[in-house]
Amino acid sequence: LRTAHEHKIPVFSSDPESVQRGCLAAVAPDQYAMGQQVGQLIVKVLKGENIKNLPIEQAHKTIMVINRATAQELGITFNNELLQKADRII
C-alpha cells in the first residue's frame with residue numbers, strides 16, 4: 001500500500017478490513033450474510049438431508065466499503081450515486 005500511495009495508484013481489495021489499512025475500496029461477500037446462509041444449510045442437514053444433495057452456493061450479498069481519506073490522498077472523487085451505494089464509508 002505504501003508504494004501504491006507513493007505513486008498515486010489506487011488499490012482495491014476483496015477484503016473490507018484492507019480498506020481500513022489504506023485500500024481505496026473493497027467489494028466483498030458479506031460475512032454475516034454468509035454465516036446465515038451456512039446456518040440454513042446446517043439446518044437442512046440436521047433435518048436429515050444428505051449434504052451431497054445440497055447445491056453449492058455463492059454469497060447472496062456483497063458489501064462495498066470506501067476509504068474517503070485514501071481517495072482524497074490520491075486525488076480521487078466519487079460521485080454521489082456510488083457513495084450512496086456504499087455500505088460503509090470510512
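**Salt bridges and overall form of a predicted chain**

Arg21 and Asp15 form a salt bridge in which the closest N and O atoms lie 3.3 Å apart. The structure is a predicted model, and the count of salt bridges in it comes to three. The chain holds five helices and four strands, and its radius of gyration is 18 Å, whereas a compact globule of 90 residues would have one near 12 Å.

- Arg21 counts as exposed because its relative accessibility, 56%, is over the 50% cut-off.
- Asp15 has a relative accessibility of 26% and so counts as partly exposed, a class that lies between 20% and 50%.

**Salt bridge Lys61–Asp30**

- Lys61 forms a salt bridge with Asp30, with 3.6 Å between the closest N and O atoms.
- This pair links distant parts of the chain, the two residues being 31 apart. Lys61 belongs to the loop between helix H3 (31–46) and strand E3 (62–66), while Asp30 belongs to the loop between strand E2 (25–29) and H3.
- Asp30 is buried because its relative accessible area of 13% is under the 20% cut-off.
- Lys61, at 43% relative accessibility, counts as partly exposed.

**Salt bridge Glu81–Lys85**

- Glu81 and Lys85 form a salt bridge, and their closest N and O atoms are 3.7 Å apart.
- Both residues lie in helix H5 (residues 80–85), where a spacing of four residues places them about one turn of the helix apart.
- Glu81 and Lys85 are both exposed.

**Fold order and dimensions**

- The C-alpha trace spans about 55 × 30 × 15 Å along the principal axes of the chain.
- Of the contacts between residues at least 6 apart in sequence, 50% join residues at least 24 apart.

**Burial, surface and charge**

- Buried residues account for 29% of the 90 residues in the chain.
- The chain exposes about 6,700 Å², of which carbon and sulfur atoms supply 53%.

Notes:
Residues numbered from 1 in each chain as written. Predicted model: local features only at pLDDT ≥ 70, side-chain atom pairs only at ≥ 80, totals over all residues. Heavy atoms only, no water. Rg over C-alpha atoms; globule rule 2.2 N^0.38 Å. Buried < 20%, exposed > 50% of the residue type's maximum accessible area, 1.4 Å probe, protein only. Contact = heavy atoms within 4.5 Å. Areas by Shrake-Rupley, 256 points an atom, 1.4 Å probe, with all protein chains shown as cover. Salt bridge = Lys/Arg side-chain N within 4 Å of Asp/Glu carboxyl O.
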